[in-house]
Amino acid sequence: MRFSIYRYDPEQDQAPRMQDYHLDVEAGDMMLLDALMLLKAEDESLTFRRSCREGVCGSDGMNINGVNGLACVTPMSSLREPVVLRPLPGLPVIRDLVVDMSQFYKQYEKARPYLINETPAPRTERLQSPEDREKLDGLYECILCGCCSTSCPSFWWNPDKFMGPAALLQAYRFIVDSRDQATEERLADLQDAYSVFRCHGIMNCVAVCPKGLNPTQAIAQIKTLMLRKSA
Amino acid sequence: MTAVVEHDFDAVIIGAGGAGLRAGLQMAQAGLRPAVVSKVFPTRSHTVSAQGGITAALGNVSEDNWHWHMFDTVKGSDYLGDQDAIEYMCRHAADVVYELEHYGLPFSRLDNGKIYQRPFGGQSRDFGGEQATRTCAAADRTGHALLHTLYQRNLMAGTTFFTEFLAVDLVKDRNGAIAGVLAIEIETGDLHFIKSRATVLATGGAGRIFASTTNALINTGDGLGMALRAGLPVQDMEMWQFHPTGIAGAGVLVTEGVRGEGGYLLNKDGERFMERYAPNAKDLASRDVVARAMAVEIREGRGCGPAGDHVLLKLDHLGADVIKSRLPGIRELAITFAHADPIEKPIPVVPTAHYMMGGVPTNVHGQVLSQDAEGGDRVVDGLYAVGECACVSVHGANRLGGNSLLDLVVFGRAAGQHVTHMLATEHVERPLGEDALDPALDRLERWNLSSGGERVEDIRNEMRRTMQNDCSVFRTEEVMQEGIQKIEALQERLRHAHLRDKSKAYNTARVEALELENLMAVAHASIVSAEARKESRGAHSRVDYPERDDENWIRHTVYFAGQPLRYRSVNMKPLTVEPFPPKKRTY
Ligand SMILES: Cc1cc2nc3c(=O)[nH]c(=O)nc-3n(C[C@H](O)[C@H](O)[C@H](O)COP(=O)(O)OP(=O)(O)OC[C@H]3O[C@@H](n4cnc5c(N)ncnc54)[C@H](O)[C@@H]3O)c2cc1C
Ligand code: SF4
Ligand code: SF4
Ligand code: FES
């Protein structure tokens, strides 16, 4: 198996470079993350994030042959060689495949991603019908991997202003939660020209989401609610 | 002298999984200034992988009460769990689950709008009667939902996070109390001393001591390593749960909830073999029972596949709708890792190392316990432990499904409450000596000065293989004695291993080297404790001592690094109800 991997060590390199690697094993059932770990055994300095190795923690988002995805659920057998690996685009690189996600997390926090309900809590659970609960499906499962936002041209150009698909998906997750009482404020928060309206429905985000979520649809729903409100 | 940045907080919590986040939230809500340190971004903690649910006797589906839950947990623990702690956990279960719901956790719902519950193994009504339906679930992504909700809530409460900081070692004050932690900021390599009046270990499990495990790569037992290096004990380390249904080859978990929803196991003859081993509970017998039955089937030649090395988990009869709505995550994992869509095909599964019942011993407030010269409990000032790294002990020799997430939030909250109370009522000072940081700095320096020797990777692989071969589902004296020698030889080799990459910025090689020291400490504690326990109880199954021996072995194993094993009595006195005396365990 042949690889070409983006390398950058801030202490040693003036500029990033691509490095070729070679692994002498059968792809079999191997995932890209398994291959990366074998490469790291040879070259300890090769740097990437990983944790769950099953596609649920969102650590190992990277650009794989030009497309953002998670290394741990990408089968080697599905990849054209040499496998070209780069860090997620548009964010500052810390080292090799590790990017600085602060901007991405800031946008997430801007969405006020927590349930707001000021009425005193009952002694037991707040009730929610299965139909209302179903509205959260396709939203709450986000693993904050960043694959979507870092494939979104609008996020690249305005990462400080345009919230990006992941944060907007979360904004919508709380807007539609029947238990949340801050819908008005949430929509008002998003009113400025950038937060939502920089999305041009290019759908890159949908194409790459490893969890099969649909941020574009959520953004469209937010826009509809905003228009309805201002009408 | 290395430059160290200092910080001062009311409390520092090491770990941002469910346990650490629940503790942090409690303190932040009470107006304290807690800091949460995590080597990964909080939502990347292992709690995110938990699937099936969190157990609490809400009675939403069928009549239930906490006392029945308590009975099941005591029995499930094979009578090694402390009954005071188990009562505490089961009594508070409903409250903490309702709290989570109020925080916004997106639980699945029943038609009447209440929290959805599913049956799990080892759950009964009326003290051993019919199957109970007690595990509260958000589809099969309960851990994800729980972890994200708690993180979100901490954002709301203003908890301070030190994200991607690796805790290296606990720091002691002049009186031997714990005064905080030394950590590496991974991004820069800079060192930080986070000083605090209360320090909480919430570092999770250590399943990575085994070659085949359901655990995340970051589950390296760092909290246990830190405790042992600080001269503190770990308890019941022989008790490792092997989950019946890890996907063969990959190790990825398939939740017990699949069997709760009606899935079952088949051997190569298409026989539903659990009917022979547990005529009543069948596939929902306790995990140790099912895992052993599977291992026996495979050993006796009734395993499936060309190598006869696994059995099959059938669930296609549940229908596409149930699978898609209740088990969507499992379907995704099975397709990705077993190339089997469970709507059509069964999933190949094997017992896989899953959960550490042992850990740092604590009382019900999460306060860490050591022993005095007479073997009595001694509270360690300034130190708490919660979650999988702790042993309070509610799981004893075998944890019931859904009880770990519960343990995290019940005792995370309890520790938070205790710290709040302590800081409000006592004048706490932690005077530091000049050399307080030296042990931690020396440890780092050893790696920085290494100039030759073996690769961390090779030693780690050998350790994991040794534990897998010599200390897993079935155990014998001879094999374990050899295993101990091998692990001790590996410990020695690790002392001379080589860190080739000495850079500062985002050096994950250094992180892995430090993690391996923790794993090795856990492996040694586990195999030494296992060799010494000459009986079979819960997950600890000795071929040479197949019976449970209540006369001699209702006691906790206590391991200090470099010392002979000690023991501690099991608490058989619940807080308010009558004790449950040991009985033969059948399902
Ligand atoms: C696949 C799987 C499924 C499961 N499903 C269920 C279930 O359905 N129900 C149930 O009850 N239980 C389940 N369990 C068990 C349960 O999920 C775990 O026991 C539990 O999540 C552990 O939580 P924790 O808070 O103790 O630790 P973790 O969630 O593991 O978090 C540990 C934290 O400590 C931090 N940390 C560790 N070391 C350091 C260090 N040196 N420096 C800084 N930070 C550090 C990590 O970054 C992390 O934030 C499951 C386990 C697995 C493996
Ligand atoms: S659809 Fe919107 S959010 Fe998604 S990639 Fe395009 S511009 Fe970005
Ligand atoms: S929406 Fe999908 S791609 Fe975007 S952060 Fe969430 S899981 Fe990742
Ligand atoms: S390692 Fe967790 S998503 Fe890949």
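Trainee: How much space lies in the second largest cavity?

Mentor: About 220 Å³. A volume here is the space filled by probe spheres set on the grid points, which are joined across faces, edges and corners. This is a predicted model, in which local features need pLDDT of at least 70 and side-chain atom pairs count only at pLDDT 80 or more, while totals for chains, interfaces and linings use all residues. Residues are numbered from 1 along each chain as its sequence is written, chains are lettered from A and ligands numbered from 1 in the order in which they are written, and side-chain values use heavy atoms, with hydrogens and water left out.

Trainee: What makes a space a cavity?

Mentor: On a 1 Å grid over the protein atoms alone, a cavity is a set of points where a 1.4 Å probe fits but cannot get out; lining residues have an atom within 4 Å of a point. The structure holds 11 cavities of 30 Å³ or more.

Trainee: Which residues lie nearest the centre of the second largest cavity?

Mentor: Arg50(A), Lys39(B), Val40(B), Tyr506(B) and Thr508(B), out of 16 lining residues. The lining divides into 6 nonpolar, 2 polar and 8 charged residues. Ala, Val, Leu, Ile, Met, Phe, Trp, Tyr, Cys and Pro count as nonpolar, Asp, Glu, Lys and Arg as charged, and the others, Gly among them, as polar.

Trainee: What takes the space of the largest cavity?

Mentor: Ligand 1 does. A molecule sits in a cavity if more than half of its atoms lie within 2 Å of its grid points.

Trainee: Why is the pair between Asp222(B) and ligand 1 called a polar contact?

Mentor: A polar contact is a pair of N or O atoms within 3.5 Å. A polar side-chain atom of Asp222(B) lies 2.7 Å from a nitrogen atom of ligand 1, so the pair qualifies.

Trainee: How much of ligand 1 does the protein cover?

Mentor: The protein covers 99% of the 1,000 Å² of accessible area that ligand 1 has on its own, by the Shrake-Rupley method with a 1.4 Å probe.

Trainee: Which element supplies the largest share of the shell around ligand 1?

Mentor: Helix 11 of chain B, with 4 residues. A helix is a DSSP run of H or I with at least four residues, numbered from the N terminus.

Terms used. A polar contact is a pair of N or O atoms within 3.5 Å; within protein, one must be able to donate a hydrogen and the other to accept it, and residues adjacent in sequence count only if both atoms are side-chain atoms. On a 1 Å grid over the protein atoms alone, a cavity is a set of points where a 1.4 Å probe fits but cannot get out, and a pocket is an open set with protein on both sides within 12 Å along at least five of seven lines; lining residues have an atom within 4 Å of a point. Helices (H or I, at least four residues) and strands (E, at least two) are DSSP runs, numbered from the N terminus.
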